[in-house]
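Colleague: Hi! Could you walk me through this one, beginning with the ligand?
Modeller: Happy to, here it is.

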Amino acid sequence: MPPLLEVDGVTSGYGKVEVLHDLSIAVPEGAVVALLGPNGAGKTTTLRVISGTLPVWAGGVTFDGRRISGRSPYEIARDGLLLIPEGRGIFPGLNVKENLEIGVRAGDNGSGRGERMEQVLDTFPRLRERLSQRAGTLSGGEQQMLSLSRAFLGNPRLLMMDEISMGLAPRIVEQLFESVADLRAKGMTIVMVEQYLTYALRLADIIYVLSKGRIEFVGEPCELRDSEALASSYLGAG
Ligand SMILES: Nc1ncnc2c1ncn2[C@@H]1O[C@H](COP(=O)(O)OP(=O)(O)OP(=O)(O)O)[C@@H](O)[C@H]1O
Ligand SMILES: [Mg+2]
């Protein structure tokens, strides 16, 4: 079966500066793919290209067999490809309930909506207690719970997460990744950029290590653990 998402020989960058060089990534349906690599390697840039906020210069991106590169971020999101951007991406002026309802609206029209909302609020009781609080006044961890909840309610076909653990206390990170593990168990296809290697290695089926806009390694988590050179460069951080 062809992969659900395929980044094929993509070159892209900012202005005249090329950041991604002939990059190829395959994400099979139902898999969790982790993108690792040092600061500035091009991880966020890769997610921007996939979500359509940054154009490809060469190569292409296909989703479910259709070419999505060149289409607008809105069209790509409507097709079920959802990005939780670096630094959250909630609506700070709206309250928690309104933010969650945006997620529900983005999702399908199926009957599971109410049930999914309940599941989310059971997973994150802190959000249930704060439904009428303005999202911008939530703590960092609570905001991250909100963006993950909203993504879940939107019922995407593929969920991309850019360092959702950034700046959060270990206990909150643990909670967030428990809910990511739930999504994984439900069969959601996930692309995650993550600095906490423990979580990436625990959750991912396939690991890509990027360095300077190129793929340095691709394989299963156990192979990365066995590769001493890579491990010393990348496994020290988490
Ligand atoms: N908007 C931008 N304009 C110009 N250059 C940018 C822009 N965003 C990123 N870059 C550059 O592109 C390169 C890759 O950045 P990117 O944000 O993709 O890295 P990253 O792997 O996500 O790093 P980090 O782990 O620090 O988040 C870096 O050299 C960065 O300075
Ligand atoms: Mg980044």
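Colleague: Which residues are closest to ligand 1?
Modeller: Ligand 1 has 14 residues around it, and the closest are Asn-39, Gly-40, Lys-43, Thr-44 and Thr-45; a residue is near if one of its heavy atoms lies within 4 Å. This is a predicted model, where local features need pLDDT of at least 70, side-chain atom pairs count only at pLDDT 80 or more, and totals for chains, interfaces and linings use all residues. Residues are numbered from 1 along each chain as written, chains are lettered from A and ligands numbered from 1 in written order, and side-chain values use heavy atoms, without hydrogens and water.

Colleague: What lies 2.8 Å from an oxygen atom of ligand 1?
Modeller: A backbone N or O atom of Gly-40 does, and so does a polar side-chain atom of Thr-44. Tyr-14 has a side-chain N or O atom 3.4 Å from a nitrogen atom of ligand 1.

Colleague: And how much of ligand 1 does the protein cover?
Modeller: It covers 60% of the 640 Å² of accessible area that ligand 1 has on its own (Shrake-Rupley method, 1.4 Å probe).

Colleague: Nice. Which helix gives the most to the shell?
Modeller: Helix 1, residues 43-51, with four residues (helices are DSSP runs of H or I, at least four residues, numbered from the N terminus).

Colleague: Switching topic, how many residues of the chain are buried?
Modeller: Buried residues are 49% of the 238, where buried means under 20% relative accessible area with a 1.4 Å probe, protein chains only.

Colleague: And the overall dimensions?
Modeller: The C-alpha trace spans about 45 × 40 × 35 Å along its principal axes.

Key. A polar contact is a pair of N or O atoms within 3.5 Å; within protein, one must be able to donate a hydrogen and the other to accept it, and residues adjacent in sequence count only if both atoms are side-chain atoms. Helices (H or I, at least four residues) and strands (E, at least two) are DSSP runs, numbered from the N terminus. Buried means under 20% relative accessible area, exposed over 50%, partly exposed in between (1.4 Å probe, protein chains only).
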